[in-house]
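Here's a quick walk through a single protein chain. Have a look at the sequence and the model first, then read on.

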Amino acid sequence: MLAQQSARFPAARTALGIDGAIDLIHDVAADVILNAITGSVGLSATLAALDTPARLALANKESLVVGGALVREKVRPGQLQPVDSEHCAILQALRAGTHDEVRRLIVTASGGPFRGRTRDSLGEVMPADALAHPTWNMGQVITTNSATLVNEGLEVIEAHLLFDIDYDAIDVVVHPQSIVHSMVEFIDGSTIAQASVPDMRLAIALGLDPNRRMQPVTPMLDWTTSSSWTFEPLDNELFPAVELAKQVGKAGATYPAVYNAANEVAVHAFHDRAISFLSIVEIVQRVVEVHDAPGELTLASLADSESWARAEATTLKS
């Protein structure tokens, strides 16, 4: 661990590495802990945060997706707040009714840069094409996951774990404008949608303090100007990652961890130009299909399964 003092914030303490993050969680009394670590390596920090009285603002969706039951066993009611625009939107919309009144959750997806393309044309896309997201400015892995729709697959698993809604009652709808961040459909036919400009600051603000709305956080929508919001069904044949995510989510155990780990290897291989864009999800599917999950979900079994998945995906990309 490397700790240092900040000249601007002399009382602040910083640390490097996952061990450093866990030490901070244990050593510093906090009202809110924000986990924005990238990847499933953030799971141990998530579990450590849930052992404290603090509220956990979770931007590290992979730790919940991979940890699954391990995370749900530890979390107290109201302790975990999602810092993800889709799940923040669902959480706001759910205030309109009770759990028993929910018919389905509708997760919106921008569709990425390849919406409307044919499968043949996707075989020729380059890494720079996959990073040209029409709405959001994100890192390499998340932007590529948005292009393959793996990101939405992870979000479906996350929604199931956060809100305890069956996978068959969670749908993904393509909304290119990214204004409606997600919706909740109730049994009486009412659909509650949360709309705001595409900006993560709102989700971050509500993650840090879900009990009050700060002012100002993001620009207001302009209702004096003509605009169109469109919604399209997801093409599951062209983008099979979401249906595959539902399958691994239903299977549970270490399957989501294998899905995520194999995808990370495949994404890096694509950006190294070792595989095609279409091969990303194909490799993930092949790894998931041959995975033999251990009987018990533990940190050790997760680590073993992730290592196996990375090795298997590496073999398949060669």
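## Overall build

How many helices and strands are there in the protein chain? There are 14 helices and 8 strands, where helices (H or I, at least four residues) and strands (E, at least two) are DSSP runs numbered from the N terminus. The radius of gyration is 20 Å, close to the 20 Å that the globule rule gives for 318 residues, so the chain is as compact as a globular protein of that length. That radius is taken over C-alpha atoms, and the rule is 2.2 Å times the number of residues to the power 0.38. Along its principal axes, the C-alpha trace spans about 55 × 50 × 45 Å.

A word on ground rules: this is a predicted model, so local features need pLDDT of at least 70 and side-chain atom pairs count only at pLDDT 80 or more, while totals for chains, interfaces and linings use all residues. Residues are numbered from 1 along each chain as its sequence is written, and side-chain values use heavy atoms, with hydrogens and water left out.

Buried residues make up 50% of the 318 residues; buried means under 20% relative accessible area, exposed over 50%, and partly exposed in between (1.4 Å probe, protein chains only). Take the contacts (heavy atoms within 4.5 Å) between residues at least 6 apart in sequence: 64% of them join residues at least 24 apart.

The accessible surface comes to about 15300 Å², and carbon and sulfur atoms hold 51% of that. Areas come from the Shrake-Rupley method with a 1.4 Å probe, and for residues only the protein chains shown count as cover. On the charge side, there are 22 positive and 39 negative side chains, with the centres of the two sets 5 Å apart. Lys and Arg count as positive and Asp and Glu as negative, with His and the chain ends not counted; each charge is placed at NZ of Lys, CZ of Arg, CG of Asp or CD of Glu.

## The annotated binding site

UniProt (unreviewed entry) puts a "binding site" at Asp84, Glu86 and Glu155. These residues are spread over 72 residues of sequence, yet they cluster in space, with a largest C-alpha distance of 8.9 Å. UniProt positions follow the numbering used here, feature names are shortened, and annotations may be inferred rather than shown by experiment.

Asp84 sits in the loop between β3 and α5 (85–93) and is buried, at 8% relative accessibility. Setting aside residues up to four places away in sequence, Asp84 touches Lys61, Glu155, Glu158, Met200 and Ala203. Glu86 belongs to helix α5 and is buried too, at 10%. With its neighbours within four places left out, Glu86 contacts Val107, Thr108, Glu155, His181 and Ser182. Back in strand β3 (residues 80–82) is Gln81, buried at 9% relative accessibility.

## Towards the C terminus

The UniProt record (unreviewed entry) also marks residues 196–311 as "DXP reductoisomerase C-terminal" domain. This span is 54% helix and 2% strand, and its end C-alpha atoms lie 41 Å apart.

Which residues of helix α11 (residues 241–251) are buried? Ala241, Val242, Leu244, Ala245, Lys246, Val248 and Gly249 are, and their cover includes α8 (140–148), α9 (150–163), β5 (170–174), α12 (255–271) and α13 (277–290). Just after α11, Gly252 takes a positive phi of about 65°. Ala303, in helix α14 (residues 299–317), is partly exposed, at 38%.
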